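Please keep the sequence and the model at hand while reading.

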Amino acid sequence: MSATTRRPVVIIGAGPVGVTAALLLARHGVPSLLLERHRDIYPLPRAVVVDDEVRRILQSVGVHEEFAAIARPAPGLRLLDARRRVISEFPRSMHGHHGFPQLSMFNQPDLERLLRDALARRPECELWSGVEVVSVTESGTPNTDAPDDPTGPVRVTFRRGGSDEEEHLWADAVLGCDGAGSLTRDAIGAAWEDLHFQESWRVIDVRTSRPVRTWEGAEQICCPTRPATFMRISEDRYRWEFRLADDQNLQGPDGWERLRELVAPWVDLPASQSDDFEVIRQAQYTFQARLADRWRRGRVYLLGDAAHLTPPFVGQGLCSGLRDAHNLTWKLARVLQQGADDRLLDTYQRERKPHARHVIRVAVAVGWAMTGGQDRGAAIRRAVVGAACRIPGVTAAVSRDLSPALTASPLVRRRPRLTGRSLAGTFCPQPWVLYDGTRERLDDILGDSFAVLTAVPPTARMTGVATALGASVIHVGDLGDDGTLAAWLARGRADAALLRPDRVVLDTVPTGTGHFTDATAWAPLLHTARRPAEAPPAR
């Protein structure tokens, strides 16, 4: 291969985060090449939970209907004591803010296959399997010696199929979706920040036709000696997670008896191993809470487990990685395709890192409620967190704020509620709408670019902003929804909202003002050297 081969975007790692990033880039017209060291998807279950925000992301890459066929909506999470009495319950709606069930169980290999099939249908995407990336280097252009250019191409060195021969290619941007042991993280000089949770747990995935005593949601057993997690994934598949010592092996002659004891609260097993209780996988994991101190250097970015690690207690590990992809890809596309200011890309870490930190802290809090940790303060922490979960309103607040509004950035203009800025940084709700005689989800009407939703006739200044951004302008009264959108704008004291391509509110028109008052803050970052595609006409 020629050392001057160049690609717009190279994605290292073709797991769910990497493939989703490629599909999102393709929706914006950006070609990408994925480099994956494995020959095929990992066949055993890992992630098993997503929320409604992630299902909306799957909608944006066109696999939500197929995913619905393999997913099982669940009613929420319960914290139980050692005797399986309910301490607290975190309910989840079957129709959340994003238009999907707020909690869905699934089998990760099934999701990965859907994403890979979608990838194969996109001519913008190319996947090279059996490729080991050796290094990622910012080294100027292929034909010059101009290092340290933050907008310059990146050299990716790799080997194919176990060969010792190193090959090179160049990329305008590199996305490191290469997991917890990320080579890309080392390449940009990022270090882990320890958020103080580390425990060794055994994960057991089972297929069985035996009667299982189960609540349809997830259960967390809060017990200092034997904490556990349990959930039904599908019709006959279940997952248990137990904090076990490394030497408590479930293999060998005594393994079945130990397993019988562990699962006895949920299912009765015979004394000898039974064919109707199949252990699909068991693996020892170290649950950790970590956050990379930097997520970007130049045109190299970290996504997913390369940027953050969270204990699994609130099911947000994969969700956080897909949020990374959703946040970054539209910004990268605008810079690469339309010549927007490179500072737009600085907002990726600024928006996503605090959000990921919040999610990790919630997961750690639930972990403390389950186990209290293992140091001298364990009993005190367990008691405090457990008591807090019994306070009226706390569970509702945790449920509501699991994915909070983005913190302030040039693209999130936070202001007091009286100015109508309470919507900034939040997601627009997604109701079903009746548009031009067709019942569809809102995002399918809005498309892949910016959009303005207005409850009043659009003013000339609103229309001017929309035209500059290539945004559609849609009156909520024309959408035929159930009143959700008009009520949402009214609660935010806004006549209109400007939505980013990821459906986060960028700015609002405060009631009675007729214009987006913060355009001077965000417009320079979104200004493009090449004119955006013409927006659909105002409705």
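The model is a predicted one, in which local features need pLDDT of at least 70 and side-chain atom pairs count only at pLDDT 80 or more, while totals for chains, interfaces and linings use all residues. Residues are numbered from 1 along each chain as its sequence is written, and side-chain values use heavy atoms, with hydrogens and water left out.

**Aromatic pairs**

A search of the whole structure finds 17 aromatic pairs, a pair being two rings of Phe, Tyr or Trp (its six-membered ring) with centres within 6.5 Å, called stacked if the planes are under 30 degrees apart, edge-to-face if over 60 and tilted for the rest. One of them is the tilted pair of Phe 230 and Trp 240, with 4.9 Å from centre to centre and 35° between the planes. This pair links distant parts of the chain, since Phe 230 belongs to strand β14 (residues 228-232) and Trp 240 to strand β15 (residues 237-242), 10 residues apart; helices (H or I, at least four residues) and strands (E, at least two) are DSSP runs numbered from the N terminus. Phe 230 counts as buried at 0% relative accessibility, and Trp 240 is likewise buried at 0%, where buried means under 20% relative accessible area, exposed over 50% and partly exposed in between (1.4 Å probe, protein chains only).

Phe 287 and Phe 313 have ring centres 5.8 Å apart and planes at 80°, so this pair is edge-to-face. Phe 287 lies in strand β16 (residues 277-292) and Phe 313 in the loop between β19 (308-309) and α7 (317-338), 26 residues apart. Phe 287 is buried at 8% relative accessibility, as is Phe 313 at 3%.

Phe 230 and Trp 240 also belong to one aromatic cluster, whose other members are Tyr 238, Phe 242, Trp 256, Trp 266 and Phe 277.

**Charges over rings**

A charge sits over a ring if NZ of Lys or CZ of Arg is within 6 Å of the ring centre and within 35 degrees of the ring normal.

| Charged residue | Ring | Distance from ring centre |
|---|---|---|
| Arg 78 | Trp 215 | 4.1 Å |
| Arg 160 | Trp 128 | 4.6 Å |

**Helix α12**

In helix α12 (residues 460-469), the residues Met 462, Val 465, Ala 466 and Leu 469 are buried. They cover an arc of only 100° around the axis, which puts them on the same side of α12, the arc being that of the directions from the helix axis to the C-beta atoms. Among the elements that cover these buried residues are α7, β22 (451-454) and α14 (519-526), with contact meaning heavy atoms within 4.5 Å. Just after α12, Gly 470 takes a positive phi of about 70°.
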